[in-house]
Amino acid sequence: MPTSILPGTLDLLILKAVSLGPQHGYGILLRIEQTSSGNLLIEQGALYPALYRLETQGSLGSEWGISENNRRAKFYTLTPAGRKRLKEELSHWKQLTKGMALALGAEA
Amino acid sequence: MREEMEFHRAARTSDLVDRGMDPEEAARTARLEFGNAEAYREECRKELGYRPWDDLYADLRYAVRILIRNRAFTIVAALSIGLGIGANVTIFRFANALLFRPLPVADPARVVDIFPGSETVSYVDYKRYRDENTVLSGLAAHHMLALNLLTDRRPERISGQIVTGNYFEVLGLEPAAGRFFVPEEDSVPLAHPVVVLHYGFWQRRYNRDPAMIGQTITLNRREFTVIGVAPRGFDSTYLGMVSDVWVPMMMQQVVWPGQERLTSPQWNGLYLTGRLKDEVSQQTAQSVLETVNRRIEQDAGTPQRGWGFVAVETAGGLHREIRNIVYATFALLVVIVELVLLLACSNVAGLLLAQAAARRKEIALRFALGASRKRLLAQMLTENIGLWMIGGLVGLALSGALTAMLMQYTSALPFELELGVGIDIRVLAFTLPLAFVTGLAFGLGPALQATKPKVVEGLKNEIVRVGGMVRLRHALVVGQVALSAILLIGAGLLVKSLRNAYFIDPGFDLEHGIVVPLELSASGYSESARRLFYDDAIARVSQQPGVASVAVAVNVPLTMNRDEMRVTVDSESEPRELTLYNVVGAGYFETMKMPIIRGRPLTDEDHGGAPGVVVINEAMARAYWPGGDPIGRRITHGGPRELSVIGIVADSKFGSLGERNVPMFFLSALQYPSTDMKLHVRTVGDPAPVLPMVRRAIESMDESLAVDASLLRDEIGIVFVMPRAGATLLSLFGVLGVLLACIGLFGVITQYVNQRAQEIGVRMALGARRREVMALIVRRGVGLTAVGVLIGLPLATLLWRLLSSRLYGVSTHDAVTLASVGVLLMIIGAVASLLPALKASRVDPVTVLRAQ
């Protein structure tokens, strides 16, 4: 059963997905589902406010292009600022999970 | 955004179909999976920072709906604000026309007006300023005067400027037709009677006929050859003043008669305008010109205190003679229009407060639906500012009517006044922010009040009648009355002050005067012939019915013609500063109704063979012989005569109505024969019907004379234009203020009484009689008004005392104003409570109770 993502982690997931190459919104969604092997459940519509937020903050760039099935779609790319942010948040996340795992593991 | 999400859904659908789902089912699932697209879109817009704009758009739409729904309220409020803003815009339009206009000449920033300490200079001194400075590429002198244009024996007054030959060259102007003056035309007195026409004058009168160049026109009974036309749009170097013609300085004896001004350093009156050389600042020019000025003074042997100073100003401003009065009028107008605006806005704010009470259900509902206070506040504020913006547009329209009305006053001027008072970008840039800011300032209070959560909370329960609410309403009524009292008293005092200042007694009889310039020297009369002519003219005119008194004098007061000279008092070693004087004949003081305070007036006995005499005014007595008795004292002026003071005449205005009384003296026409004098006539009653008889009497003496007689009050019209327009405007705004205060007060009291309708119903249901109920309400309304008046009057006295230095001849304890404002407010209070009380007492008590 897929589980809902933790609040605040959607941005990180999006950045990671886009870092693999330019993609449109639906593609990003699929990518996250694939890479998480279907373990994460994302509210599909909620993706877009997050995308707009990241774009406004300068982490993502975007341009209109043609999708694989020949429709106009907006493709997102990672900006240098976004790449830097992804790196920071990744290390932050790793530290957090490591700490969490240790702390929770010790309890068990 | 929509397209992007649409793509998402389509892609999802096709994926689901690929996985073997029924297409319809797939579309539904895709939609479900996506969630609430509308909400997400809104969130996206928020992320993009669009949210405030979206809110504003919604607020604006809502505001428009509300304002349209409350049509009557909107119209009343917008009109009220419109009046306030319209008054401000009108004043601004005049200020805009008067303050922000460069001269239509080449490089106007380098053209400067130059005022030596004496303000005007003689032609002799002009030449020295021109030749001895190193900072100007050119210096011209000029003087504005009224001329007599004769067309087919029909005389007509036009305005003109006598200018030095280099005038147009200094200004860097190119003629629209013909040419400007050449140096020869301004080198020998009376040799070249030539004239340059104003473009508008050429167009109006001669239909822009190019053949006019080379033709002659008759000015002051002398033929002048038209040599050119000034460029379109150039009126003169004075703001708003139009010169119809320009005549070279050498024609002075014809166009500016009375004195030989070209050779004598005594006769001042020329204004200087020059062009700064490149790279020369006004400061540098000033110090260089001051050096020249000191040299001139030293050579004249009459160094004067404070005389080294030379003012250098960018040209194109108001003429100095009227500048001060214009500025003073403007200052007072600004004060009063701000008062009107304040009153209008506070009225509307009061109405909004009352309206907020009426809208409490709506607001409570919106709170209940989860609107935040911030959002509600923003929405109310949008509504209020919208209201003010409508008011601003109304004001813009109203100012058009006001401006047109005021411009009519300028038709009384001897000079044509051309002001650009239209609506331009600056007027808009003034009006719209004014509306916005006042809307914000006065709309915020009511909006805050309306959205107070506590109030709304309390109001959900309709039956609350807490003591606090009643007290608040009472306070509102009392406050409005007090504020109205302050503003009304202020407006009253200001209007009264202006009336005092402007309908000020000029010190001579203005209403019964006729002036007839007798241009005898141009007709070849010798000095002795002129003297006989004057005597004969006085005798003949005196016999006309309706004539009370006749005399001759050189200068007419308040006409911008003035003569000044330096005089030495008693045996002092140095002369005093320039002192104003006039040369007058016997009976002058009697004719002008200027009372002799001490001593005796000038008479026919004070002729050339008699001892030199002078009559001085009170201001001169005070200034030159402080504490002493001037009668019998002596003054000299460098001439052969020593003059002894024989009389003191009461002060009168000479330069401008607004001036402080300045020292002035009067010489005997028999001892100081001047080229041309003017006949002054005082009539018993209205001078207008006497005027043609006076003209005919003079014409019968010499058929060849074109006699241009005019009423004294027309002659000096220019001095009255600004003040009269200003006083009219002020009275108008004062009335407007009273009206606004009444409406506001009426509204607040009516509102108060209406809100007590329930109580009335209850009382009547309990058996109270109509009369008792009405008496109760009226008593309460009047009582509250009285409290407001009692608070307002002392407060007003206190506040306006701060302004008292700006008030002319009005005490802030002016009992009449105070009392009338108090009475007026009490009457309004009574009427305002009586009408709704009447209405309320007719209400069927059952209906009211049922409404509960």
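In this predicted model, helix H13 (residues 373-407) of chain B and helix H14 (residues 425-450) of chain B have axes that come within 7 Å of each other and cross at roughly 140 degrees. Chain B also meets chain A, in a contact that takes 18 residues from chain B and 23 residues from chain A.

**H13 and H14 of chain B**

- As for handedness, H13(B) passes H14(B) in a right-handed crossing.
- The residues of this contact of H13(B) with H14(B) divide into 19 nonpolar, 6 polar and 1 charged.

**The interface of chain B and chain A**

- An interface is often sized by the accessible area lost when the parts come together.
- Here, the area buried between chain B and chain A is about 2,000 Å², and carbon and sulfur atoms give 57% of that area.
- Three residues stand out on the chain B side: Glu4(B), Phe7(B) and Glu47(B) supply 35% of the area that chain B buries against chain A, more than any other three residues.
- If you are looking for salt bridges across the interface of chain B and chain A, the rule finds 0.

**Helix against helix across the interface**

- Helix H2 (residues 25-35) of chain A and helix H1 (residues 2-18) of chain B have axes that come within 8 Å and cross at roughly 50 degrees.
- H2(A) and H1(B) are therefore oblique to each other.
- From H2(A), the contact is made by Gly25(A), Tyr26(A), Leu29(A), Leu30(A) and Glu33(A).
- From H1(B), the partners are Phe7(B), His8(B), Ala11(B), Arg12(B) and Asp15(B).
- By class, the residues of the contact of H2(A) with H1(B) are 5 nonpolar, 2 polar and 3 charged.

**H1 and H3 of chain A**

- Within chain A, the axes of helix H1 (residues 10-19) and helix H3 (residues 47-57) come within 10 Å and cross at roughly 75 degrees.
- That angle makes H1(A) roughly perpendicular to H3(A).
- H1(A) brings Leu10(A), Asp11(A), Ile14(A) and Leu15(A) to the contact, while H3(A) brings Leu47(A), Ala50(A), Leu51(A), Arg53(A) and Leu54(A).
- The contact of H1(A) with H3(A) has 7 nonpolar and 2 charged residues, with no polar ones.

Definitions and conventions
Residues numbered from 1 in each chain as written. Chains lettered and ligands numbered in written order. Predicted model: local features only at pLDDT ≥ 70, side-chain atom pairs only at ≥ 80, totals over all residues. Heavy atoms only, no water. Axes fitted to C-alpha atoms, helices over the stretch in contact; angles between N-to-C directions. Helix = DSSP H or I, 4+ residues; strand = E, 2+ residues; numbered from the N terminus. Left-handed = near helix turned anticlockwise from the far one by under 90°. Nonpolar A, V, L, I, M, F, W, Y, C, P; charged D, E, K, R; others polar. Contact = heavy atoms within 4.5 Å. Buried area = accessible area lost by both parts, 1.4 Å probe. Salt bridge = Lys/Arg side-chain N within 4 Å of Asp/Glu carboxyl O. Parallel < 35°, antiparallel > 145°, perpendicular 65-115°, else oblique.
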